[in-house]
Amino acid sequence: MRYLIFTDIHGNLEALLVLLKFAQRRKIGHYIFLGDLVGYGADPNEIIQKVRALKPLSIIRGNHDKAVCDHDSIQTFNPIAAASIHWTKKNVKKKNMEYLCNLKKGPVTIHNHILLCHGAPFDEDHYIFGEFDAAEAFAHVTTPLCLFGHTHFPFVYTEKEHIVDGTFLSGDSNEIKLEEGTKYLINPGSIGQPRDRDNRAACAIYDSDTKKINFYRMEYEIREAQRKILEAGLPSALAERLTLGI
Ligand SMILES: [Fe+2]
């Protein structure tokens, strides 16, 4: 079975459309989304509708999805992120809001061997940045594979015989082979707001037969996504950062 792993779309329809085209050309048996459909971008409604139509789909909520639904205060958000949460709250249609607000909180185990979380398995809001965070995360993972998002960086951490290692997956065409006896924490990178100075949308495909995970980057119509952000009256920094990939 081929799983498409994607996360952190953040209301960026142009990036999602490229991903959906990419998925059409590959036989995807299952879609996995790790949270943050909305926030930052100008197309939350279209994103929710398009993602929920993917089948079969495993999906969990992200911190922005949660904040829009008032599950959490937005005290921890910076002013620009908070402004986009307020805008999103105002602009998401009722039916889409219902879907957004009923998303499950991670961690969630699927198909007996894959754990899904947004930030970390012990806290959906925690960022896994570095081996120390990864070691704490591994302590909460019993499956061989845990998928996470939230940082917007494509990354793989491994744990074998209590040694934790992390690798940033820059550029194109990265592939890893899952080994017996090693646990993996994998982040596919972000679809709608990459932050690793590569402005292309990021995703991964896990093939459970070959035990390989491939990482991809895809160019999309950044200018169109930016135009919509500015037209919507969202902070201009949210448009500018898309070009820079930060
Ligand atoms: Fe995010």
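Strand 4 and strand 5 (residues 114–116) pair in the antiparallel sense over 3 bridges, two strands being counted as paired if DSSP finds at least two bridges between them. Within this pairing, Val108 has Leu116 in strand 5 as its bridge partner. The model is a predicted one, in which local features need pLDDT of at least 70 and side-chain atom pairs count only at pLDDT 80 or more, while totals for chains, interfaces and linings use all residues. Residues are numbered from 1 along each chain as its sequence is written. Helices (H or I, at least four residues) and strands (E, at least two) are DSSP runs, numbered from the N terminus.

Both strands belong to an open sheet of 6 strands with mixed pairing, in the order 4-5-6-10-7-8. Its edges are formed by strand 4 (108–110) and strand 8 (163–168), each of which pairs on one side only.

| Element | Residues |
|---|---|
| Strand 8 | 163–168 |

Helix 7 (residues 222–231) and helix 8 (residues 236–244) pack at an angle of about 170°, with their axes 8 Å apart; axes are lines fitted to C-alpha atoms, for helices over the stretch in contact, and angles run from 0 to 180 degrees between N-to-C directions. Helix 7 is therefore roughly antiparallel to helix 8, a term used for angles over 145 degrees. Residues of helix 7 including Ile222 and Leu230 meet residues of helix 8, among them Leu238 and Leu242, where contact requires C-beta atoms, placed from the backbone, to lie within 7 Å.

Notes. Parallel < 35°, antiparallel > 145°, perpendicular 65-115°, else oblique. Contact = placed C-beta atoms within 7 Å.
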